[in-house]
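I am opening a notebook on a structure that is new to me.

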Amino acid sequence: MRLVKADPQLSTQLETPDNSKNRKRMPYSLRSRGRQTIPDRSVCRKGNPRATRREKYPEEFPNLDFHHSFGSFLTQKSPVVEAVEGQIARYWQYLSQSPTLVQYHIHEIGDRYRDAFRKFFTADPISLHGHVSDASSPALVASLISHLFSHAVKTGRAPPLEGPSRVSTRVAVIEGYYGAGFGPLAYDAVMDIARPVANGPRPIIIKTVNANTIDIQIRAAKSLGCVALFAEIVRARDGRVLSESLWKNILKACEKHGMVLVVDEAMTSIRCGAPFAHQLPQYCKHGFPDLILFGKAVRTNGVAIDWRGININKLGILEKEDRLFVNLDWQERVTEMASAADLLSSWGTLVLAQREQWPQRARQIGKILRGVIIADGIKESHIGGLHSLVYLRSQDSARFPFPVMGAKAGKYIRWLPTMDSVMMSEDHLRSKMFGPSSIAYRKAMWTYLQSKNLHLGFCSGCGNPVDEDVKACEVCVVRKCEECEAGEHVCPLAALQ
């Protein structure tokens with residue numbers, strides 16, 4: 001959602017202290033600036049003095065936003081408040097009182113966060129960054145690999161990096177990889193704005209014809225100094241899902257030739273039916289990657305180590321204390337700990353995801369949404385993604401009779417729903433979003449958004465931003481850009497009234 005023609009007094013009421021200094025920046029959605037006009041359970045409890053701030057508990061107020069700041073939110077609740085564990089609540093209180101006060105506890109927060117991350121993902125977060133593009137930098141990955149090998153050398157179990165790998169930051173990518181916002185991975189990025197700023201050695205493209213060609217190409221890439229291979233379980237540019245046999249062949253070749261395997265889970269964590277998509281049974285039975293890129297809905301961005309990885313497990317770093325030392329040594333010498341607010345938000349998200357079993361919910365939500373789409377005339381073969389990460393072709397999204405606001409990915413639109421329990425009821429979704437009976441609810445939502453001076457900021461057809469002067473429809477609520485709908489708006493639900 002975006003703020004439109006904001007009344008100064010209303011804007012002041014909506015802003016939080018942390019966001020007031022960024023007022024001129026246009027958010028992707030309401031929640032991307034920390035504003036919550038829709039409540040969580042805790043603030044609506046009887047007797048809570050904060051209960052008057054928000055009108056409805058979010059699971060009673062589903063919205064048509066399937067964009068959620070490009071998948072940065074998995075719930076409409078406040079993870080910190082909802083995850084009310086003693087420690088999280090206490091640290092958050094420190095943060096609200098004084099940022100300097102909470103800094104006295106930043107290392108303790110970091111330790112607790114690592115424990116929560118490890119418990120949920122069975123991997124250790126070692127390098128934290130502002131954006132997943134930062135974490136995917138080949139130079140960073142190469143240095144991190146050198147860091148791991150240097151510690152392993154002390155055990156006598158692993159040789160140091162030799163030859164071109166010692167000085168090279170070149171990487172290989174599986175064909176169709178999404179890319180990054182800058183650097184070498186931006187050469188073939190989906191985003192047009194990224195390609196002009198690409199620089200550095202162009203990644204080697206690994207074509208996935210068969211097991212033999214994969215093996216030959218990875219061996220050749222290794223000989224040219226490639227330090228790692230980047231892959232995705234769900235191809236972010238078009239939603240194509242990596243087959244089990246292809247994953248098996250990639251693992252086998254990377255292990256054989258000592259190529260560190262990095263899996264990009266920025267979009268697929270939690271949404272695809274497992275904490276990380278590569279942990280689904282059909283994949284994990286063949287082995288694990290060495291490094292994982294995470295971000296978006298996890299609420300922190302960075303690189304995690306899976307000590308079971310096909311190459312990492314050969315390093316001989318077996319003891320918990322040794323692994324912690326590797327982690328802390330990197331963070332204290334190379335990267336700065338993420339802010340307390342980010343750590344607490346991510347920590348709360350992980351606690352909530354585990355408590356409410358979001359990966360399991362993702363499977364049910366995906367099944368319901370895909371059933372709704374198919375029932376409205378779109379072929380199953382035209383729906384991409386995995387479980388609750390749903391990809392639609394732009395032309396199919398544009399003609400879907402009950403429009404919602406999705407997130408653009410090239411020629412596709414992604415549906416990135418929350419994991420709130422309301423999304424698990426097909427009857428509820430049809431009455432609120434995807435059926436003739438949803439019209440009354442949509443009208444009520446339009447009235448609600450108007451009262452807050454807000455609107456859905458992205459085109460329901462192509463996913464592009466919509467000019468602020470384009471009014472939202474009072475019936476379907478969503479808006480379309482001029483490219484998708486020139487002239488007067490024709491409401492797809494008008495004939496159903």
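**Entry 1: the four-stranded sheet**

I started with a sheet of four strands. It is open, its order is E9-E10-E12-E11, and the strands pair in the antiparallel sense. I keep in mind that this is a predicted model.

I asked which strands stand at the edges. They are E9 (383-386) and E11. Each has a single partner strand, so one side of each is left without a neighbour in the sheet. I also looked up the twist, which averages 30° from one strand to the next.

Next I went through the pairs. Strand E10 covers residues 389-393 and strand E12 covers residues 412-415. Four bridges pair the two, in the antiparallel sense. I picked out Arg393, whose bridge partner in E12 is Tyr412.

I found helix H14 (residues 358-375), which touches E9, E10 and E12. The direction of helix H14 makes about 180° with that of E9.

I moved on to E11 and E12. They run antiparallel and are joined by three bridges. Here Ala409 has Tyr412 of E12 as its bridge partner. I had already noted Tyr412 as the partner of Arg393.

How many residues lie between E11 and E12 in their hairpin? I counted two. In the turn, Gly410 has a positive phi of about 65°.

A reminder to myself: strands of a sheet pair through backbone hydrogen bonds, either parallel or antiparallel.

**Entry 2: the seven-stranded sheet**

I turned to an open sheet of seven strands. Its order is E2-E8-E7-E6-E5-E3-E4, and the pairing is mixed. At its edges I found strand E2 (124-129) and strand E4 (204-206). Each has a single partner strand, so one side of each lacks a neighbour in the sheet. The twist here averages 25° from one strand to the next.

I followed E2 to its partner, strand E8 (residues 301-305). The two run antiparallel, with five bridges joining them. I noted that His129 stands opposite Asn301 in E8.

Which helix lies across E2? I found helix H6 (residues 106-121), which lies across E2, strand E7 (291-294) and E8. Helix H6 runs at about 120° to E2.

**Entry 3: aromatic rings**

I looked up the ring pairs, and the count comes to 16 aromatic pairs. One of them joins Tyr91 and Tyr94. This pair is tilted, at 6.5 Å centre to centre and with 55° between the planes. Both residues lie in helix H4 (residues 86-97). They are three residues apart, about one turn of the helix. Are Tyr91 and Tyr94 buried or exposed? Both are buried.

I then took up Phe400 and Phe434, an edge-to-face pair. Their centres are 6.0 Å apart, with 75° between the planes. Phe400 lies in the loop between helix H15 (394-399) and strand E11 (407-409). Phe434 lies in the loop between helix H16 (426-432) and helix H17 (438-451). The pair therefore ties together parts that are 34 residues apart in sequence. Both Phe400 and Phe434 are buried.

I also found an aromatic cluster. Its members are Tyr113, Phe117, Phe120, Phe121, Phe276 and Phe294.

**Entry 4: arginines over rings, and a serine**

I looked for charges over rings. Arg299 lies over the face of Phe73, at 4.4 Å from the ring centre. Arg308 lies over the face of Phe288, at 3.7 Å from the ring centre.

Arg299 came up again when I checked Ser345. Leaving out residues up to four places away in sequence, Ser345 touches Pro79, Val80 and Arg299. Ser345 sits in helix H13 (residues 340-355). Its relative accessibility is 17%, so I put it down as buried.

**Entry 5: cysteines**

How many disulfides are there in the whole structure? My search found zero.

A disulfide needs the two sulfur atoms within 2.5 Å.

I finished with burial. Cys462 counts as buried because its relative accessibility is 11%. Cys254 has 0% relative accessibility, so it counts as buried too.

Definitions and conventions. Residues numbered from 1 in each chain as written. Predicted model: local features only at pLDDT ≥ 70, side-chain atom pairs only at ≥ 80, totals over all residues. Heavy atoms only, no water. Phe/Tyr/Trp six-rings, centres within 6.5 Å; stacked < 30°, edge-to-face > 60°. Buried < 20%, exposed > 50% of the residue type's maximum accessible area, 1.4 Å probe, protein only. Lys NZ or Arg CZ within 6 Å of the ring centre and 35° of its normal. Pairing = 2+ DSSP bridges. Axes fitted to C-alpha atoms, helices over the stretch in contact; angles between N-to-C directions. Contact = heavy atoms within 4.5 Å.
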